[in-house]
Amino acid sequence: MTDALREYYEFILSVPDESRDAITNKIMEMGSPGFFERDGNIIAYFDYLTDITELCDELNRFRDVLKSSGLDSAFSFDYSLIPGKDWNESWKKSFSPIDIGNKLTIVPSWIKPDTDRIPVIIDPGMVFGTGHHETTRRCLALIEKYSRNKGGQDFLDLGTGTGILAIGAARLGFGRVIGVDIDQSAVAASMDNISLNGLKNVTIVKGSISDITGVFDVIAANLLSETLIPIARDIVSRLKPEGIAILSGMLTGQEDDVIRAMEDAGLTMKENAVDGKWVTLIFSLPPSSAQSACRCRGTC
Ligand code: SAM
């Protein structure tokens, strides 16, 4: 069945402002491939194969988590089963071109690019990464900041989703670009988006960081804190001595655990950025460990 013919569950969640980000984070964690805001509500989609009873139970149980975090737990939700065609139409309306950093504009594939900036064409389908989320925007702006525009830098996009960070990096001049994702639909969507952008230097791998070889000048990982923490040492092992790791996707309050895990693994925090309730952390290897972490035998 194609996406246009499949049915999807559409959830409409009425949420208090102070819990909005925590609930958005929960929806992502529960595997919603697409969500956006309309009239103050969160509209979230789930595949028709989702166990709907379990999904509702999990959302109801989340009220206790909000309460124990001292957040307002008074949210409500309703859902209906809708045709994929309607999902696509709602989604398309919520997705307009967006300028990010000084150079890039993210353009939905159904809109003709009309910009002097560098276009990154994205068809999100049912996958995360339209450029409208704070974490994606921050990652792209930082990738631009750390790009040297020489074509020789290697870039790893860990949890590529639509491929937006990998494609953005390639557009900004990175030479060898790899995107990796555990989710087959993200792998398919990112490969389609790479073709839409006519790029030849971007490779997509299905899996996680342990499936990647080589070392990189910049690694961007827009993942949840509980995903980032166990792979801290893998991230270090994939960084070049002067490399930069851009880690996003955590909520304020979760960053200390990520900082501790990364520092234990040998990284030093360079800077951080907060966008609403989302935090992005930038790490490098300290100069002394940079020497010992270098496995290039003088070639880098
Ligand atoms: N990079 C895109 C962005 O910044 O908009 C998408 C980020 S989305 C929040 C996270 C993606 O990471 C999802 O596509 C998910 O399937 C993938 N993912 C989750 N855990 C992963 C892991 N351990 N290794 C690789 N990918 C992972």
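The lining of the largest pocket draws on both domains: domain 1 (8–91) and domain 2 (96–297) each give at least three residues. The domain bounds come from an automatic or database domain assignment. The model is predicted, so local features need pLDDT of at least 70 and side-chain atom pairs count only at pLDDT 80 or more, while totals for chains, interfaces and linings use all residues. Residues are numbered from 1 along each chain as its sequence is written, and side-chain values use heavy atoms, with hydrogens and water left out.

**Pockets**

Rolling a probe the size of a water molecule over the atoms shows where empty space is left. A pocket here is an open set of points on a 1 Å grid over the protein atoms alone, where a 1.4 Å probe fits, with protein on both sides within 12 Å along at least five of seven lines; lining residues have an atom within 4 Å of a point. Grid points are joined across faces, edges and corners, and a volume is the space filled by probe spheres set on the points.

| Pocket | Volume | Largest share of the lining |
|---|---|---|
| Largest pocket | About 1200 Å³ | α6, 7 residues |
| Second largest pocket | About 400 Å³ | β2, 4 residues |

In the largest pocket, 46 residues form the lining, and Val127, Phe128, Gly161, Asp183 and Ala186 are the closest to the centre. At least two lining residues come from each of α1 (20–29), α3 (84–93), α5 (164–171), β9 (176–181) and α6 (184–196). Helices (H or I, at least four residues) and strands (E, at least two) are DSSP runs, numbered from the N terminus. By class, this lining of the largest pocket has 22 nonpolar, 15 polar and 9 charged residues. Ala, Val, Leu, Ile, Met, Phe, Trp, Tyr, Cys and Pro count as nonpolar, Asp, Glu, Lys and Arg as charged, and the others, Gly among them, as polar.

The second largest pocket lies between domain 1 and domain 2, because both give residues to its lining. Of its 22 lining residues, Phe35, Phe36, Glu37, His132 and His133 lie nearest the centre. Its lining takes at least two residues from each of α1, β2 (34–38) and α4 (134–146).

**Single residues**

Asparagine 25 is found in helix α1. Asparagine 25 is buried (under 20% relative accessible area, with a 1.4 Å probe and protein chains only), at 7%. Leaving out residues up to four places away in sequence, asparagine 25 touches Leu224, Gly249, Leu251, Gln254 and Trp278, where contact means heavy atoms within 4.5 Å.

Notes
Buried means under 20% relative accessible area, exposed over 50%, partly exposed in between (1.4 Å probe, protein chains only).
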